[in-house]
Amino acid sequence: MEKKNNKKQSRRVAVLCVLVTLFVAAYIIRLFQIQIVHGDEYAAQVYSGSRTKLPVAATRGEILDCNLTPLVVNTTSYTVTFDYNYFPHGHSPEVLKQQNEMLLSLCDLLSAAGETWTDTLPLSKTAPYTFVKGRETAADTLKTDLRLALYATADNCMAALIETYGLSDYDEQTARTLAGIHREMEVRGFSSTVPFTFAQNVSKETSFALGERSTEFPGVTVELTPERKYLTGTHAAHILGTVGLLSDDEYEQVKDNGYSYNDVIGKNGVEQAMESVLRGKNGERTLQKDSDGKVIGEEETVAPEPGSAVALTIDYTLQKKVEAALDETVKEMRGQPAGYDGQDISSGAAVVLDVRDNSIKAIASWPTFDINRYYDDYGKLLNDPDNPLFNRALDGGFAPGSTFKPAMAIGALNEGLITKDYTYYCGSWYRHYENEGLMIHCMANHGNCNVVYGIGKSCNAFFCEMGRLLGIERMNDYCRQLGLGVKTGVEIGESAGTLAGPDEREEAGGIWVPADASQAAIGQSDNMITPVQLATYVSTIANRGTRYKTHLVSAVLGYDGTVQKTEKEIACQMDVRPDVWDTLKQGMLLTAHNGTATRFFVGVDYEFAAKTGTAEAGNGGSDHGVFIGYAPADSTPRYAVAVVMENGTATGSGRLARKVMDACFEVNATGKGDTPIGQLLP
């Protein structure tokens, strides 16, 4: 019996061993399937819900001159950023306290090193709190986000911020500091996918100090980030523009284009106008987390694409010479004894175009500023009575004075109202509207005056008569075709200017009378023209009626080697007889040889066609000085020049025009010419 039981037990053990063996084998096979056969698939499933993608900023494209000389480049700077995935986050009292204590320690470290951090909270830094002037939109957004009425006060907002961010245990100053940081993190979308830029351009020493205390600041890192560097200083400052963090309004406009609140964007000038190509395309960094949210790995999954370089039409060598000439001339005029005409000069502008395609070779506005210190000096620049931030070359509207007269000559000749031999008697006054109480003075008694003599000697009486014959509608039609009173096409924006006429007068609350056309014909009345329009106008004259679109961008150079050139574009082709241009040229040559510009161009070794202008300022100061011209006038023209000296008189504008034109030929003689786009420098 015992033997029989042992045998039965042995069979049971054998069966059990077989079952265990089968179970282990099945388990091993299943593990093999999970880990080897389907390992990647299951790993992807495990991590699919625990991957966090972060942006990797693309390098911004450089800005170059026509010879591919760098004007704006990228350097690196130290930036303090917060990474949400490592940063203590949450809204519990415990987490808020941890955040606040860490932020205070961080602020103490930066303050001791003389560093600053980003704080755009639209509240004053000290109590009693007030809203920051000019930040009304941000203040209204703050009230809305805090669920306050729009009539809430700054103190109401601060009280709500203290409650929201757990700041009741801190003094007023500390609470305001912390509120600014918390609010900045919130509005800039600080999250697991959006890092927060806390402080920019910190010193190397500060970055080392943070590194040494990294365990105290989880989620706080110091990164080397690209920074814009303007190699030009004060030169071309009005043209190149600046970059900066997005404002509230800007973010609303571009958020659908892939921008985050922490992105940098072009604020003005070329930086703004060419933002789409300079920006590049951000990459991605992917974090892998375990089930507890702890980061267990990271990698760059999408490489960023650098922005394209933008080559401008400006010749930097010429740009510097033109700006130096403008600065020198202003100082010469201001250096005269008090009471001299032009001693009260307030500003100036100069524009040089290449007649062959209306590319801008130099464009200057005085006064200027150091673009590298734009943000540091912004308050001082805003309060400067000379208003250095205003770009007079593109946005300044000035009465053109007698530089308007060539347009009148073109219209009167082409319409058949006069011939080259037609004369009008000038006895120092234009008397046609004498019975209506209007007599216009001429600077000399020119006697019987024809159109060539009228241009060369700048006879007011002759051209007042041209205005009467043409009438304001035909006058303005010719002006617009020539580029006056219309935008020229410059990529970075410009004023359209104003042409005098019934509509403009009525809009200003006045009444237009026929005699006003005669005033407008000599560049007075309501005419307000920009310097870049004057340069476009004289270039159109040099091209005998072909007006090209004025432009500042030569080409876009892709990081991958692609090149997109800006082709010259005809904006207007005037229907004017050849003999009209011949007659006009004779008048402008007379201006330079034996007319109102002669004293400024003694001894030049190039042929120059010119027209001077003096315009009443209307502000009780000296007259404005205006000058246009092109050269060489005895062969294919190359340069068109326009200068305006606000309260600088004809003397100031004439002196400057000579210096600018001399600089054009000096650079042309010593330089190698524009670098062909697409050709590498040696």
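Predicted model: local features only at pLDDT ≥ 70, side-chain atom pairs only at ≥ 80, totals over all residues.
Mentor: Residues are numbered from 1 along each chain as its sequence is written, and side-chain values use heavy atoms, with hydrogens and water left out.

Trainee: Thanks! What makes R147 count as exposed or buried?

Mentor: Buried means under 20% relative accessible area, exposed means over 50%, and partly exposed is in between, using a 1.4 Å probe and protein chains only. R147 has 80% relative accessibility, so R147 counts as exposed. This residue sits in the loop between α4 and α5 (154–164), and its phi is positive, about 60°, although R147 is not a glycine.

Trainee: Why is S428 called buried?

Mentor: Its relative accessible area is 17%. The limit for buried is under 20%, so S428 is buried. S428 also has a positive phi, near 80°, in a residue other than glycine, and is found in the loop between β13 (424–426) and β14 (429–430).

Trainee: And E223, why is that one called partly exposed?

Mentor: E223 has 34% relative accessibility, so it counts as partly exposed. E223 belongs to strand β5 (residues 220–230); strands (E, at least two residues) and helices (H or I, at least four) are DSSP runs, numbered from the N terminus.

Trainee: How do you know that E223 touches residues such as Y78?

Mentor: Contact means heavy atoms within 4.5 Å. Not counting residues up to four places away in sequence, E223 touches S77, Y78, T79 and T81. E223 and Y78 are 145 residues apart in sequence, yet their C-alpha atoms are 5.6 Å apart in space.

Trainee: What makes H551 buried, and what is H551 in contact with?

Mentor: H551 has 4% relative accessibility, so it counts as buried. It lies in the loop between β17 (546–548) and β18 (553–557). Leaving aside its neighbours within four places in sequence, H551 is in contact with T313, D357, N358, S359, I360, E491 and T566.

Trainee: Why is α5 called roughly perpendicular to α6?

Mentor: Axes are lines fitted to C-alpha atoms, for helices over the stretch in contact, and angles run from 0 to 180 degrees between N-to-C directions. The axes of α5 and helix α6 (residues 172–187) come within 10 Å and cross at roughly 75°. That makes α5 roughly perpendicular to α6, because 65 to 115 degrees counts as roughly perpendicular, under 35 as roughly parallel, over 145 as roughly antiparallel and the rest as oblique. The contact is made by M158, L161 and I162 of α5 and A175, R176 and A179 of α6.

Trainee: How many residues of that contact are nonpolar?

Mentor: The contact of α5 with α6 has 5 nonpolar residues, no polar ones and 1 charged. Ala, Val, Leu, Ile, Met, Phe, Trp, Tyr, Cys and Pro count as nonpolar, Asp, Glu, Lys and Arg as charged, and the others, Gly among them, as polar.

Trainee: How do you know that the span of helix α20 agrees with its number of residues?

Mentor: The expected span is 1.5 Å times one less than the number of residues. The 12 residues of α20 (residues 531–542) should therefore span 16 Å, and the end C-alpha atoms are 17 Å apart, which agrees. For helix α21 (residues 578–594), 17 residues should span 24 Å, and its end C-alpha atoms are 24 Å apart, which agrees too.

Trainee: What makes α20 mostly covered?

Mentor: In α20, 12 of its 12 residues are buried, including L534 and I541. R544, which follows α20, has a positive phi near 55°.

Trainee: What is the largest nonpolar core, and which residues touch the most other members?

Mentor: A nonpolar core is a set of buried Ala, Val, Leu, Ile, Met, Phe, Trp, Tyr and Cys residues joined through side-chain atoms within 4.5 Å. The largest one has 97 residues, and L240, V270, M408, I410, F462, L534 and I541 touch the most other members. Helix α17 (residues 460–482) gives the most to this core, with 11 residues. Apart from it lies another core, of 36 residues, among them V80, C107, M158 and F198.
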